[in-house]
Amino acid sequence: MGLVARAIEAAGIPTVSLSIVREITLQVRPPRALFLRWPLGHPLGEPGRPAQQRQVFLDALGLLESARGPGALLEPGYRWRRHTYPGESP
Amino acid sequence: MDLRRAKNRIAARLLGMFPGLVDRWARGRRFAQEGAEEGAGEADPWALLPKPLARCRIALVTTGGVHLRSQPPFDMRNPDGDPTFREIPAGTPRGNLVITHDYYDHRDADRDLNVILPLDRLEELAREGRVAGPAPLHLGFMGHVDGPLVERLIRETAPAAARRLAEAGADAVLLAPA
């Protein structure tokens, strides 16, 4: 996926990639990546949990605005099933 | 379903249950661009947001094997995978989207596609004015690409996908892996 991100960026469109496998991201170097230590198949989190999905989306958009150069990697550190997101009751 | 596909699906479920296995597997492999050596010193690509996010149309790219029910499914027979992509027009009803991908456990994504392709979240953020809206099209890839097909992805299909997004007027792209 990082290879696709690089191709899109090379065409002049800024990209932000979600990352689940840190090793692949470090090797492929997508321009901007948000790393989440979550199970495969769940880059935006759990099914039926919109507040969590929304937070990931917002973090990714934030990285589009804040990253200053290629290889930007942000790790918000949300723990799988153990984090309460804005809009959820704890 | 043939035996090979069944084995792939069982392996995918195991990897989903034990994320540590994924890391260990990934450390023993090379994922860097095939052309990295010949292109050594080539700068990493970088593009800036053309305007504030609130005026940007966002395209989503998933490698989770999502496509329209009416489109040909991704190739699950070739062990090297499938480097092609499918175009998903904005506003496609969710019921018209399916997942063909034996290499990860997509039962949760089948229940709520937003965990890999956040179409509903994008629409909400557009209604709130945080972004201008979805780009006219999103793209579905199937993330299992190996062997000689990696080269085809780099040389042909990924640049073609980028061109389609540019033609469609996408201002920024969010990519989500499986």
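In the predicted model, Val16(A) has Leu174(B) as its bridge partner in strand 7 of chain B. This pairing belongs to a set of 3 bridges between strand 1 of chain A and strand 7 (residues 172–176) of chain B, and the two strands run parallel.

The contact between the chains draws on 47 residues from chain A and 53 residues from chain B. On the side of chain A that touches chain B, two or more residues each come from helix 1 (2–10), strand 1 (15–19), helix 2 (22–28) and helix 3 (50–66). By residue class, this side of chain A comprises 28 nonpolar, 12 polar and 7 charged residues.

Within helix 2 of chain A lies Thr25(A). Thr25(A) is classed as buried because 24 C-beta neighbours are found inside 10 Å, where 20 or more are required. Beyond residues up to four places away in sequence, the contacts of Thr25(A) are Gly2(A), Ser19(A), Pro30(A), Ala33(A), Phe35(A) and Leu73(A). Arg82(A) stands 57 residues from Thr25(A) along the chain, and 24 Å separates their C-alpha atoms.

In chain B, helix 4 (residues 119–127) contains the buried residues Leu119(B), Arg121(B), Leu122(B) and Leu125(B). These residues lie on the same side of helix 4 of chain B, because the arc that they cover around the axis is only 165°. An α-helix has 3.6 residues a turn, so residues three or four places apart point the same way. The cover over the buried residues of helix 4 of chain B includes helix 3 of chain A, as well as strand 1 (57–62) and strand 5 (133–134) of chain B. Just after helix 4 of chain B, Gly129(B) adopts a positive phi of about 85°.

Methods:
Residues are numbered from 1 along each chain as its sequence is written. Chains are lettered from A and ligands numbered from 1 in the order in which they are written. This is a predicted model: local features need pLDDT of at least 70, side-chain atom pairs count only at pLDDT 80 or more; totals for chains, interfaces and linings use all residues. Two residues are in contact if their C-beta atoms, placed from the backbone, lie within 7 Å. Helices (H or I, at least four residues) and strands (E, at least two) are DSSP runs, numbered from the N terminus. Ala, Val, Leu, Ile, Met, Phe, Trp, Tyr, Cys and Pro count as nonpolar, Asp, Glu, Lys and Arg as charged, and the others, Gly among them, as polar. Two strands pair if DSSP finds at least two bridges between them. A residue is buried if 20 or more other C-beta atoms lie within 10 Å of its own, exposed if 12 or fewer, and partly exposed in between; C-beta atoms are placed from the backbone. The arc is that of the directions from the helix axis to the C-beta atoms.
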